[in-house]
Amino acid sequence: MNLKNTFNEDSFEYTTMNDIIAEGMKQPKREPLYKNLWYENELCVLFGASNCGKSIYAMQIAKHVAQKQPILYSDYELNIQQICDRYTNEDGTIPCKFPQNIYRPNLDFDMAKNFKERRAYLRMRIEEAVTKKGIKLFIIDNITCLHPNLSKANEAATFILELRTFMNSLGASFLLLGHSPKKKDNSPITLDNLAGSKNVGNFIDSCFCIGQAKTDGNEKRYIKQLKNRSSQIILNEEHVLVCSIEKGEDNFLYFKEEGYAREKDLIKETGNITPEKEKVYQLYKEHKSYRKVAKMTGISDKTIKKMDR
C-alpha cells in the first residue's frame with residue numbers, strides 16, 4: 001500500500017488513520033453476497049447440529065449468488081446419487097435446473113487421502129479455480145472433513161487462520177460449513193457451540209447458525225447471526241428467522257421463510273409464529289409499555305405479558 005505520511009526511516013511502516021481511511025474510500029465497496037449474512041472478501045462460518053439442513057441452506061445461498069457471479073461448492077459429504085435424490089422429483093425423472101455458474105468439483109480422489117493431503121488438494125483446486133475460471137467465491141462443506149481435531153481450540157484456530165491468510169492472498173470469499181455438538185439443554189445457541197469457538201471466532205468475519213425447534217408440533221429451523229463485522233446483526237436472539245424445509249415445484253429443496261420469533265420461545269417448543277405475535281415483539285423491542293402495546297394491537301396487556309415471558 002503506497003500511502004503518504006509513512007515513516008520510512010523506521011524498519012516498519014506506519015500510516016496515519018486519516019490516510020488509511022482515505023485509501024479505503026478509493027477501493028470498491030464490498031457488497032453483501034447473501035442477505036447481510038456473508039459479504040465479499042469475508043471468511044464466514046455457518047454451523048449447526050447434524051441433519052439440521054446446513055448443506056441445503058448453503059446450496060440455496062450458492063444458487064442465489066450464482067445469478068451474478070460464479071461460485072465453487074466443494075462438497076465433501078454428499079455423493080452424486082444423494083445430490084440427484086435431493087434435487088429431482090419423487091421418481092427422479094425431472095431435475096432442478098441450476099445456474100450454469102455453480103461448479104462442484106469431484107472430490108473422490110481427495111477423500112481417499114489423509115487430512116493434510118486433502119487440505120493441500122483443496123488449496124490447489126481453489127487456486128486453479130481463481131486463475132483459470134476467475135472464481136472468487138467458495139463454499140466448503142464440511143470443514144470437519146479437512147481436519148481431525150477441530151474440537152481442540154488451538155488446532156482449530158491455526159486451521160482457520162491459515163485458510164484466512166490463503167483467502168486474503170487470492171482476494172476471495174469463503175463460506176465454511178461446520179458441525180456443532182448437539183446441545184443437551186434448551187439454551188440459546190452461541191459462539192461457544194462452535195468447535196474451538198473462542199479462538200476460531202477471533203479469526204472469522206461473520207458467523208451464523210441453524211437451530212432446530214418445533215412450532216405447533218411441526219419441525220422448524222431458524223437462522224441466527226452470531227458475529228458480523230460488516231453490518232448490524234439483525235437476526236439476534238430476539239428476532240431469529242424461522243423457516244421450514246420445502247421442495248418447490250422446480251424440485252429445488254430450500255428453506256422457506258415463515259416469519260420471525262424469539263429464540264427462547266422456539267427452544268422451549270412454545271413458538272407460534274403469527275402476525276399478531278410478531279407485531280407485539282416488534283413494538284416491545286421499541287420499548288413500548290405493555291399497556292401501550294395492548295392499545296395499539298387490541299390484545300389485552302395480560303396476554304402480552306404472557307407473550308414476553
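## Aromatic pairs

In this predicted model, a search of the whole structure finds 9 aromatic pairs. One of them joins Tyr57 and Phe255 in a tilted arrangement, with 4.9 Å from centre to centre and 50° between the planes. Because Tyr57 belongs to helix α2 (residues 54-65) and Phe255 to strand β11 (residues 253-261), this pair ties together parts that are 198 residues apart in sequence. Tyr57 is buried at 1% relative accessibility, and Phe255 is buried as well, with a relative accessible area of 2%.

The rings of Phe98 and Phe252 form an edge-to-face pair, their centres being 5.8 Å apart and their planes at 75°. Here Phe98 is partly exposed, with a relative accessible area of 27%, whereas Phe252 counts as buried at 6%. Tyr57 and Phe255 also belong, together with Tyr34 and Phe208, to one aromatic cluster.

## Charges over rings

The ring of Phe252 has the charged end of Lys63 over it, 4.8 Å from the ring centre, while Arg123 lies over the face of Phe166 at 4.2 Å from the ring centre.

## Nonpolar cores

The largest nonpolar core holds 41 residues, of which Phe47, Ile126, Phe138, Ile140, Phe174 and Leu176 touch the most other members. Helix α6 (residues 153-170) supplies the largest share of this core, 7 residues. A second, separate core of 33 residues includes Ile56, Leu137, Leu235 and Cys243.

## Cysteines

The count of disulfides is 0. Cys52 is buried, with a relative accessible area of 0%, but its sulfur lies 8.7 Å from the closest cysteine sulfur, in Cys209, which is too far for a bond. Cys84, by contrast, is partly exposed, with a relative accessible area of 32%.

Methods: Residues are numbered from 1 along each chain as its sequence is written. This is a predicted model: local features need pLDDT of at least 70, side-chain atom pairs count only at pLDDT 80 or more; totals for chains, interfaces and linings use all residues. Side-chain values use heavy atoms; hydrogens and water are left out. A disulfide is a pair of cysteine sulfur atoms within 2.5 Å. Buried means under 20% relative accessible area, exposed over 50%, partly exposed in between (1.4 Å probe, protein chains only). A nonpolar core is a set of buried Ala, Val, Leu, Ile, Met, Phe, Trp, Tyr and Cys residues joined through side-chain atoms within 4.5 Å. Helices (H or I, at least four residues) and strands (E, at least two) are DSSP runs, numbered from the N terminus. Rings of Phe, Tyr and Trp (its six-membered ring) pair if their centres lie within 6.5 Å; planes under 30 degrees apart count as stacked, over 60 as edge-to-face and the rest as tilted. A charge sits over a ring if NZ of Lys or CZ of Arg is within 6 Å of the ring centre and within 35 degrees of the ring normal.
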